[in-house]
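Welcome! Please take a moment to look over the sequence and the 3D view before reading on.

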Amino acid sequence: ALGLYFEQIINAVYGIFKTASGVILGSAWVGADGLYNLAQALIQLVQILRRKKKLSLIQQWKSYRICGWLVLAMHLTMTGLVYQMTRMGRSEEYPGYLILGTAAFVFYKLISAVVDVAKDRKNKAPIDSSVMLLDLAQALFSIFSLQVAMIRQFEGSENFAALMNNITGTAVCILVVGMGFYMLRRSRREMKKLEETENGRI
């Protein structure tokens, strides 16, 4: 449990770091990325706190469904920002500290996501599964964020940077939005099964 709280502290610190960097650099993308990570930390913390409550299985699936809606809302917003950035051909240059901070966070999130997926195979609790999927979505967007930060540092071509950001950004958005729809569909199916089971007992 302490590890889950520590992970949200890392998410919050990184979110504050990116938000402050966005303000300093005057970058809407960096600032939005920071706010996104702060929102992720808050949502995951709420889900972790709900684990302590003795919720029925159907209540857990309702909480899982709410997370699915939040994933869609957050990532459709981020998709809009990605679209605007790629459509305008924007590829900003970032200072070294921002690239290093982003790279360290991405490395951490990838390890965390792999560990969470492995744990979720053994633990089928809906709330734990929702936290795992939120973490995975955050890891995917962090990879894209790192690419945006690095690509102009090591590749000077504006056209190449715009092309790569377009490809990766589109792929990440499709995957994560698809994940949100998957969560909604799965929660609906599982709640329907539980309701049918309860009705059969009456």
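Please keep in mind that the model is predicted.

**The core**

The largest nonpolar core has 29 residues. Trp29, Tyr94, Phe141 and Val176 are the ones with the most contacts inside this core. Five helices each contribute at least two residues to the core: H2 (28-50), H3 (57-87), H4 (96-122), H5 (126-154) and H6 (158-201). Helix H5 gives the largest share, with nine residues.

With neighbours within four places in sequence left aside, Phe141 is in contact with Trp29, Tyr36, His75, Met78, Val82, Val172, Cys173 and Val176. Is Phe141 buried or exposed? Its relative accessibility is 1%, so Phe141 counts as buried, the cut-off being under 20%.

**The aromatic pairs**

Next come the rings. There are six aromatic pairs in the structure, and two of them are set side by side here.

| Pair | Distance between ring centres | Angle between planes | Arrangement |
|---|---|---|---|
| Tyr14 and Phe105 | 3.7 Å | 5 degrees | stacked |
| Tyr36 and Phe141 | 5.5 Å | 50 degrees | tilted |

Why is the pair of Tyr14 and Phe105 stacked? Their planes are at 5 degrees, and planes under 30 degrees apart count as stacked. The planes of Tyr36 and Phe141 are at 50 degrees, so that pair is tilted.

The pair of Tyr14 and Phe105 links distant parts of the chain: Tyr14 belongs to helix H1 and Phe105 to helix H4, 91 residues apart. Tyr14 and Phe105 are both buried. The other pair in the table joins helix H2, where Tyr36 lies, to helix H5, where Phe141 lies, so it ties together parts that are 105 residues apart in sequence. Tyr36 has a relative accessible area of 5%, so this residue is buried.

Ring pairs also build a cluster, which is made up of Tyr14, Phe17, Tyr97 and Phe105.

**A patch on the surface**

Together with Ile24 and Leu25, Tyr97 makes a nonpolar surface patch of about 300 Å². Ile24 lies in helix H1, which covers residues 2-25. The relative accessibility of Ile24 is 66%, so Ile24 counts as exposed.

Definitions and conventions. Residues numbered from 1 in each chain as written. Predicted model: local features only at pLDDT ≥ 70, side-chain atom pairs only at ≥ 80, totals over all residues. Heavy atoms only, no water. Patch = residues over 30% accessible without salt bridge, like charges linked within 9 Å, V, L, I, M, F, W, Y side chains within 5 Å. Areas by Shrake-Rupley, 256 points an atom, 1.4 Å probe, with all protein chains shown as cover. Salt bridge = Lys/Arg side-chain N within 4 Å of Asp/Glu carboxyl O. Helix = DSSP H or I, 4+ residues; strand = E, 2+ residues; numbered from the N terminus. Buried < 20%, exposed > 50% of the residue type's maximum accessible area, 1.4 Å probe, protein only. Core = buried A, V, L, I, M, F, W, Y, C linked by side-chain atoms within 4.5 Å. Contact = heavy atoms within 4.5 Å. Phe/Tyr/Trp six-rings, centres within 6.5 Å; stacked < 30°, edge-to-face > 60°.
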